[in-house]
Amino acid sequence: MKSTRPYEMRARADAAAQTRDRIMGAAIELANEKPINALVLPDVATRAGVSVQTVLRLFGSRDGLLDAATESAMASVLAEREVVPGDVGAAIGTLFDHYEVRGDGVLLLLGQERWEPRAAEITSAGRRLHREWVAGAFAPYLAGAEDVERDATVDLLVAASDVYTWKLWRRDRCLSRPEAEARMLRLIGNILEGI
């Protein structure tokens, strides 16, 4: 009997972790579909296949859930955007992989940042993350530049690789992904040549 007890406890802990992840995933999905102030616990619970009480038991409150979901989403973004510094084509491909999955949700958050404090926090963190990603992804090209020139070049690269640039080509112009990627590659290539 004693030998099964640790197994049962581990199985319960695994099941609880899976439930927690499912709830956070549901919150992230809903935040990609509707404004944050319209994201309510009954909808999250229904999407996750649990009760509201389960959500509250695991996260304490709506704010606790949103904090955990934001942290989880940011960790996922970091993992999705891993690149070998200096491989421009691969960096742009990785960025497009990210935007194709998350771009519309990011645009929804950006549209809320002036009136929704939580959206403003998320988008502010996202801007920092993107700038750091750019500086890392293109680090070999930036290595010899003086600080002022390096900072200006990072500004240009951030703008060239921004989600709004992706939106302009993929959503507004309805270009295919290869066409849009080629344009971004050309734009970034021109910036890097000018260093």
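How many aromatic pairs does a search of the whole structure find? I began my notes with that, and the search gives two. I keep in mind throughout that this is a predicted model.

**Entry 1: the aromatic pairs**

I took Y99 and W166 to begin with. Their rings form a tilted pair, 5.9 Å centre to centre, with 45° between the planes. Y99 sits in helix α5 and W166 in helix α9, so this pair ties together parts that are 67 residues apart in sequence. I looked up the accessibility of both partners. Y99 has 3% relative accessibility and therefore counts as buried. W166 comes out at 0%, so W166 counts as buried too.

The other pair is W133 with F138. I read 6.2 Å between the ring centres and 85° between the planes, so this pair is edge-to-face. The cut-off for that label is over 60 degrees. Both W133 and F138 are buried.

**Entry 2: the whole chain**

I then stepped back to the chain. I count 10 helices and zero strands in its secondary structure. From the N terminus on, the order of elements is α-α-α-α-α-α-α-α-α-α. The C-alpha trace spans about 70 × 40 × 30 Å along its principal axes. The chain has 195 residues, and 37% of them are buried. I also checked how far apart in sequence the contacting residues are. Of the contacts with a separation of 6 or more, 66% are between residues 24 or more positions apart.

**Entry 3: the nonpolar cores**

Which residues touch the most other members of the largest nonpolar core? I noted W133, V134, F138, L157, M184 and I188, out of 26 residues in that core. Five helices each supply at least two residues to this core: α5 (88-112), α6 (117-137), α8 (147-160), α9 (163-172) and α10 (177-193). The most comes from α5, which gives eight residues.

I followed I188 further. A second, separate core has 24 residues, among them A48, V55, F59 and A69.

**Entry 4: α8 against α10**

At what angle do α8 and α10 pack? I read about 175°, with the axes 10 Å apart. The two helices are therefore roughly antiparallel to each other. On the α8 side I listed T153, L156, L157 and A160, which meet M184, L187, I188, I191 and L192 in α10. By class, this contact has eight nonpolar residues, one polar and no charged.

I also looked at V158, which lies in α8. V158 counts as buried because its relative accessibility is 18%, and the cut-off is under 20%. Leaving out residues up to four places away in sequence, V158 touches H130, R131 and V134. D172 is 14 residues from V158 in sequence, and their C-alpha atoms are 20 Å apart.

**Entry 5: α2 against α3**

Helix α2 (residues 41-48) packs on helix α3 (residues 52-59) at an angle of about 100°, and their axes are 8 Å apart. That makes α2 roughly perpendicular to α3. The contact is made by L41, P42 and A45 from α2 with V52, V55 and L56 from α3. I sorted these residues by class and got six nonpolar, no polar and no charged. V55 is also one of the residues of the second core.

**Entry 6: two single residues**

Is C174 buried or exposed? C174 has 61% relative accessibility, so I put it down as exposed. This residue lies in the loop between α9 and α10. Its phi is positive, about 60°, although C174 is not a glycine.

Last, I looked up A125, which has its place in helix α6. A125 is at 21% relative accessibility and therefore counts as partly exposed.

Technical notes:
Residues numbered from 1 in each chain as written. Predicted model: local features only at pLDDT ≥ 70, side-chain atom pairs only at ≥ 80, totals over all residues. Heavy atoms only, no water. Core = buried A, V, L, I, M, F, W, Y, C linked by side-chain atoms within 4.5 Å. Buried < 20%, exposed > 50% of the residue type's maximum accessible area, 1.4 Å probe, protein only. Helix = DSSP H or I, 4+ residues; strand = E, 2+ residues; numbered from the N terminus. Axes fitted to C-alpha atoms, helices over the stretch in contact; angles between N-to-C directions. Parallel < 35°, antiparallel > 145°, perpendicular 65-115°, else oblique. Contact = heavy atoms within 4.5 Å. Nonpolar A, V, L, I, M, F, W, Y, C, P; charged D, E, K, R; others polar. Phe/Tyr/Trp six-rings, centres within 6.5 Å; stacked < 30°, edge-to-face > 60°.
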